[in-house]
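I opened the notebook to look up a few helices, some loop residues and a pocket. The entries follow in the order I made them.

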Amino acid sequence: MSCQQRGSKIQIKGESLKSETVLAIGKFSILWSEFEKKNLNNNCTPKKLIEEGEKHKTSDAWREFAKKIQGRADYYEGLDIEFYVEYSLWPESAHRMQDEHMKLITEFIKSDGEESTSGGFLAIYRIRNNLLHGLKELEQLDNQIELFNAMNNILETL
């Protein structure tokens with residue numbers, strides 16, 4: 001069996017992950033699916049996410065998400081936000097977004113989640129793509145539970 005639960009850990013493909021991590025990522029997958037279905041007519045594009053972002057105001061959930069992304073940049077030896085957005089959110093093999101989209105994400109993060117919820121949606125979309133297209137390292141997922149929980153809080157409020 002490639003997936004087993006042992007106490008508060010779950011074995012997946014030889015890696016031991018916290019059950020809270022697996023739950024947070026599973027919850028994110030379900031919440032994102034529902035968001036994409038209801039808000040984007042099952043057709044998610046950066047343009048549609050920008051339009052969706054223009055409908056939403058900032059909130060504590062958005063501010064918390066921005067802080068978690070800032071924490072990820074700090075985790076990688078204090079990278080500045082522009083560098084983090086360009087090179088860490090987009091690993092080498094990832095499909096690149098347009099510069100204007102990366103600028104919106106950077107604006108969202110630098111404003112501490114006070115501006116550009118469109119950039120916040122684009123950041124969530126990028127993290128989702130990294131997860132579902134194999135660009136996230138399995139052994140690093142436990143270090144990202146707070147990031148997934150922050151995204152879940154946003155998606156739950158929509």
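**Entry 1: helix α4.** I started with what covers the buried residues of α4, and found that α3 and α5 are included. I noted that the model is a predicted one. Next I looked up which residues of α4 are buried: I81, Y84 and V85. Around the axis these residues cover an arc of only 95°, which puts them on the same side of α4.

**Entry 2: helix α5, length.** I moved on to α5, which runs over residues 99–110. At 1.5 Å a residue, its 12 residues should span 16 Å. I looked up its end C-alpha atoms and found them 16 Å apart, which agrees.

Entry 3: Which residues of α5 are buried? I listed H101, M102, I105, T106, F108 and I109. Seen down the axis of α5, the buried residues fall within an arc of 160°, so they line one face of the helix. I then checked the face turned away from that buried side, and there I found the exposed residues D99, E100 and K103. For the packing of the buried residues I wrote down four partners: α2 (46–53), α3 (60–75), α4 (81–88) and α6 (117–132). Just after α5 I came to D112, which takes a positive phi of about 60°.

**Entry 4: the second largest pocket.** I looked up the volume of the second largest pocket and got about 170 Å³. Its lining is made by P46, A94, H95, R96, M97, Q98, H101, Y125, R126, N129, H133 and L135. Which helix gives the most to the lining? I found that α6 does, with three residues. Sorting the lining by kind, I have five nonpolar, five polar and two charged residues.

**Entry 5: S93.** I found S93 in the loop between α4 and α5. Is S93 buried or exposed? Its relative accessibility is 63%, and exposed means over 50%, so S93 counts as exposed. I also looked up its distance to S59, which is 34 residues apart from S93 along the chain. The C-alpha atoms of the two serines are separated by 33 Å.

Entry 6: I turned to the loop between α1 (19–40) and α2, where N41 is found. N41 is not a glycine, yet I read a positive phi of about 55° for it. At 64% relative accessibility, N41 counts as exposed. N42 lies in the loop between α1 and α2 as well. For N42, a residue other than glycine, I again have a positive phi, near 55°. With a relative accessible area of 55%, N42 is exposed.

**Entry 7: helix α7.** My last helix was α7, residues 145–157. Its 13 residues should span 18 Å at 1.5 Å a residue, and I found its end C-alpha atoms 19 Å apart, which agrees. As buried residues of α7 I listed I145, L147, F148, A150, M151, N152, I154 and L155. What covers these buried residues? I found that α1, α3 and α6 are included.

Terms used:
Residues are numbered from 1 along each chain as its sequence is written. This is a predicted model: local features need pLDDT of at least 70, side-chain atom pairs count only at pLDDT 80 or more; totals for chains, interfaces and linings use all residues. Side-chain values use heavy atoms; hydrogens and water are left out. Helices (H or I, at least four residues) and strands (E, at least two) are DSSP runs, numbered from the N terminus. The expected span of a helix is 1.5 Å times one less than its number of residues. Buried means under 20% relative accessible area, exposed over 50%, partly exposed in between (1.4 Å probe, protein chains only). The arc is that of the directions from the helix axis to the C-beta atoms. Contact means heavy atoms within 4.5 Å. On a 1 Å grid over the protein atoms alone, a cavity is a set of points where a 1.4 Å probe fits but cannot get out, and a pocket is an open set with protein on both sides within 12 Å along at least five of seven lines; lining residues have an atom within 4 Å of a point. Grid points are joined across faces, edges and corners, and a volume is the space filled by probe spheres set on the points. Ala, Val, Leu, Ile, Met, Phe, Trp, Tyr, Cys and Pro count as nonpolar, Asp, Glu, Lys and Arg as charged, and the others, Gly among them, as polar.
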